[in-house]
Amino acid sequence: MLLHLLRHGAPELAGTLLGRTDSAVTEQGLAACVKRAVGLDVAAIVSSDLARARACAEAIGRERGQAVTIDPRWRELDFGAWDGLAPAMIDPAALARFWDDPDTSPPPQGERWSSLTARIALACRDISTPTLVVTHAGAMRAALATLCGLSQSQTWSLDLPYAALLSLRVWRDADPVAQIVGLAP
């Protein structure tokens with residue numbers, strides 16, 4: 001089956017670490033996501049519960065006449081005390097340690113990479129039909145790690161700008177596995 005992961009459109013608070021911070025999506029960001037989803041053959045639309053993803057999914061659902069299922073497991077990584085801050089406002093050494101190894105150096109009061117991948121793995125196991133998931137870059141990278149066996153550092157080799165569409169062919173066994181079949185940045 002095909003699993004399409006769509007990053008939400010540009011948020012109003014672009015340029016900050018948006019994990020759990022609930023920023024609205026811009027009109028241009030919303031339109032970019034609706035346009036990107038044209039022609040996708042999916043039986044279901046799933047979304048993160050955060051406004052920037054949910055608004056995009058709901059707009060796509062209205063265009064297609066499909067209901068949207070909200071699943072908070074598809075949220076972005078929780079940046080803890082850094083959430084909502086611009087990277088320039090964070091201690092550069094601490095931020096570098098995080099980018100190098102987000103599992104052993106998570107943000108203060110934030111989520112570890114392994115926690116993100118664990119919840120995304122559970123969310124992926126629940127998908128059984130061709131699905132579009134409107135989510136976040138961190139969750140998309142976690143899906144690549146979970147389904148394709150990529151390391152955390154390898155997931156950063158893909159550029160995932162706002163409204164990027166990542167398509168995966170998924171085989172369902174005990175644990176689903178996938179291959180990348182498309183990337184539209």
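The largest pocket in this predicted model comes out at about 430 Å³. A pocket here is an open set of points on a 1 Å grid over the protein atoms alone, with protein on both sides within 12 Å along at least five of seven lines, and lining residues have an atom within 4 Å of a point. Grid points are joined across faces, edges and corners, and the volume is the space filled by probe spheres set on them. Of the 23 lining residues, E76, F79, W99, A137 and W156 sit closest to the centre of the pocket. Two or more lining residues come from each of α3 (92-100), α4 (113-125) and α5 (137-148), with α5 giving the most, at three residues. Helices (H or I, at least four residues) and strands (E, at least two) are DSSP runs, numbered from the N terminus. Sorted by class, the lining has 14 nonpolar, five polar and four charged residues; Ala, Val, Leu, Ile, Met, Phe, Trp, Tyr, Cys and Pro count as nonpolar, Asp, Glu, Lys and Arg as charged, and the others, Gly among them, as polar.

As for bookkeeping, residues are numbered from 1 along each chain as its sequence is written, and side-chain values use heavy atoms, with hydrogens and water left out. Local features need pLDDT of at least 70 and side-chain atom pairs count only at pLDDT 80 or more, while totals for chains, interfaces and linings use all residues.

Helix α5 also deserves a look of its own. Its twelve residues reach 16 Å from first C-alpha to last, close to the 16 Å expected at 1.5 Å a residue, where the expected span is 1.5 Å times one less than the number of residues. Ten of the twelve are buried, so α5 is largely enclosed by the rest of the structure; buried means under 20% relative accessible area, exposed over 50%, and partly exposed in between (1.4 Å probe, protein chains only). Among the buried residues are A137, M140, R141 and L147. Their cover includes β1, α4, β4 (131-135), α6 (152-155), β5 and β6, with contact taken as heavy atoms within 4.5 Å. Just past the end of α5, G149 takes a positive phi of about 75°.

Strand β1 holds H4, which is buried at 6% relative accessibility. Leaving aside residues up to four places away in sequence, H4 touches L40, V42, T131, L132, V133, L165, L166 and S167.

E111 is buried, at 11%, whereas R20 is partly exposed, at 30%. R20 and E111 also belong to a salt-bridge network with R119.

D71 and R73 meet at 2.8 Å, N to O. Here D71 is buried at 11%, while R73 is partly exposed at 25%. R125 and D175 form another salt bridge, with the closest N and O atoms 3.0 Å apart. R125 belongs to helix α4 and D175 to the loop between β5 (165-171) and β6 (177-184), 50 residues apart. R125 is partly exposed, at 34%, and D175 counts as partly exposed too, at 45%.

Technical notes. 1 Å grid on protein atoms, 1.4 Å probe; cavity = no way out; pocket = protein on both sides within 12 Å on 5 of 7 lines; lining within 4 Å. Salt bridge = Lys/Arg side-chain N within 4 Å of Asp/Glu carboxyl O.
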